[in-house]
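Hi,

Here is the structure I promised to pass on. Have a look first, and my notes follow below.

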Amino acid sequence: MASSSLCSWDSQRLFAYWRSTSEIITSSCSSSSNFSVFRGRLGKNKPFSSITTSRKDWSLGGQAMNTSKGNLAFTNKSASDDSPDHLLVLVHGILASPSDWIYFESELKRRLGKKYLIYASSSNTYTKTFTGVDGSGKRLAEEVMQVVRNTESLKKISFLAHSLGGLFARYAISVLYDPNISPFPSNDAACSASSRGLIAGLEAVNFITLATPHLGVRGRKQLPFLLGVSFLEKLAAPLAPFFTGRTGKQLFLMDEKPRRPPLLLRMVSDCDDGRFISALAAFKSRVIYANVSYDHMVGWRTSSIRRENELFTAPTRSLDGYKHVVDVEYCPPVLSEQPHFPPQAARAKEAAQNDPTTQNTAEYHEIMEEEMIHGLQRLGWMKVDVNFHSAFWAFSAHNNIHVKNEWFHNAGAGVVAHVVDTIKQQDSSSLYIPANL
């Protein structure tokens with residue numbers, strides 16, 4: 001799939017094009033199962049924005065959580081010109097800690113200024129990431145609320161998450177979501193009533209993930225270090241809980257009883273467990289960064305929320321000013337049915353759990369993947385593809401993408417710059433990526 005003529009547009013024409021398109025989408029989208037795609041270079045300007053709203057007192061309303069509060073190294077303070085009004089929460093991945101964000105955090109602080117409170121979460125360090133996406137998500141939600149309660153000047157909130165942290169963040173925002181108050185004007189044609197709401201009582205601005213397995217890790221080459229060998233991929237699912245606990249079961253879509261949908265499927269809709277999709281729709285922009293290759297932990301398909309037939313020959317030339325960032329794709333929402341868990345999925349899941357074969361596990365995964373994509377494609381996304389093919393440590397792509405270590409993973413500096421510029425653009429634009437719920 002080649003890059004379209006949008007690559008040559010200047011930023012103002014791209015903004016105008018995206019604005020007019022997003023207004024049409026929510027009323028005239030077809031029910032096609034494929035994303036409609038706009039692809040172009042982001043350059044120095046990116047079409048996302050923020051708006052200002054008033055602060056509302058908010059609490060968890062009695063949610064029962066077993067939490068670790070993290071290290072909250074700040075106290076209550078009244079709003080002033082120098083006080084931060086935008087909370088940016090950094091969420092690390094599996095078997096990791098806040099120290100993974102040292103380089104990224106320093107760049108964010110240097111380039112975003114004092115109006116941003118950059119907070120690296122610490123409630124799910126190391127083996128705590130094995131306690132399940134739901135358990136980790138609840139701990140993260142409680143930690144975020146502690147930060148919000150201790151910083152009275154906050155008006156906005158954004159999330160930046162790496163790898164498994166993206167799933168933790170998706171669960172956490174469903175806990176923090178308040179559907180009753182909207183920062184958007186009621187006559188805003190770009191967003192539907194279902195898109196409205198606050199996260200932790202704050203205006204939701206950016207939701208950004210880096211190499212996150214949004215569709216789980218089941219399926220061919222979804223866990224790349226298994227090299228796509230069907231025998232190894234078949235063994236991985238039953239063995240995963242021994243190494244990664246409940247989280248492993250959930251990533252392989254094998255949690256819960258056969259007749260109950262797996263957690264990752266429930267997380268692409270609003271259900272009894274939480275208003276997952278409405279919480280995501282509350283954000284002004286949703287951006288996913290995906291490694292097209294050399295990522296040993298997370299495959300391109302699951303991190304970019306694409307079907308197998310939607311993958312394309314990835315470019316190798318970097319965008320101007322952003323080394324290793326090779327493509328930007330704008331995916332407006334697709335009007336489609338809500339995801340469901342059909343009887344054949346329950347039967348396939350039961351077979352995959354009790355008597356796994358290559359055939360029945362593949363059948364189960366194909367059904368689940370399609371249903372998860374149906375749910376997530378009801379939201380508009382910006383998809384950024386990253387290719388470390390020319391990097392010295394190319395096979396460290398999973399850690400390069402967020403510069404886990406400045407000395408070994410500094411090939412990702414261009415990706416960091418791209419993320420920072422995307423966040424900064426929110427303060428100077430009025431565009432909203434729409435949703436069809």
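To start with the charged side chains: with which residue does Arg275 form a salt bridge? The partner is Asp270, and the closest N and O atoms are 3.7 Å apart. A salt bridge here is a side-chain nitrogen of Lys or Arg within 4 Å of a carboxyl oxygen of Asp or Glu. Before you read on, please note that this is a predicted model, where local features need pLDDT of at least 70 and side-chain atom pairs count only at pLDDT 80 or more, while totals for chains, interfaces and linings use all residues. Residues are numbered from 1 along each chain as its sequence is written, and side-chain values use heavy atoms, leaving out hydrogens and water.

Across the whole structure the search finds 17 salt bridges. Arg275 is partly exposed at 36% relative accessibility, and Asp270 is partly exposed at 29% (buried means under 20% relative accessible area, exposed over 50%, partly exposed in between, with a 1.4 Å probe and protein chains only).

Arg306 also forms a salt bridge, with Asp385, the closest N and O atoms being 3.1 Å apart. These two residues are 79 apart in the chain. Arg306 is buried at 1% relative accessibility, and Asp385 is buried at 0%.

Glu310 forms a salt bridge with Arg307, with 2.9 Å between the closest N and O atoms. Glu310 is buried at 13% relative accessibility, and Arg307 is buried at 6%.

A network of salt bridges links Glu256, Arg260, Arg266 and Asp273.

Best wishes

Terms used
Helix = DSSP H or I, 4+ residues; strand = E, 2+ residues; numbered from the N terminus.
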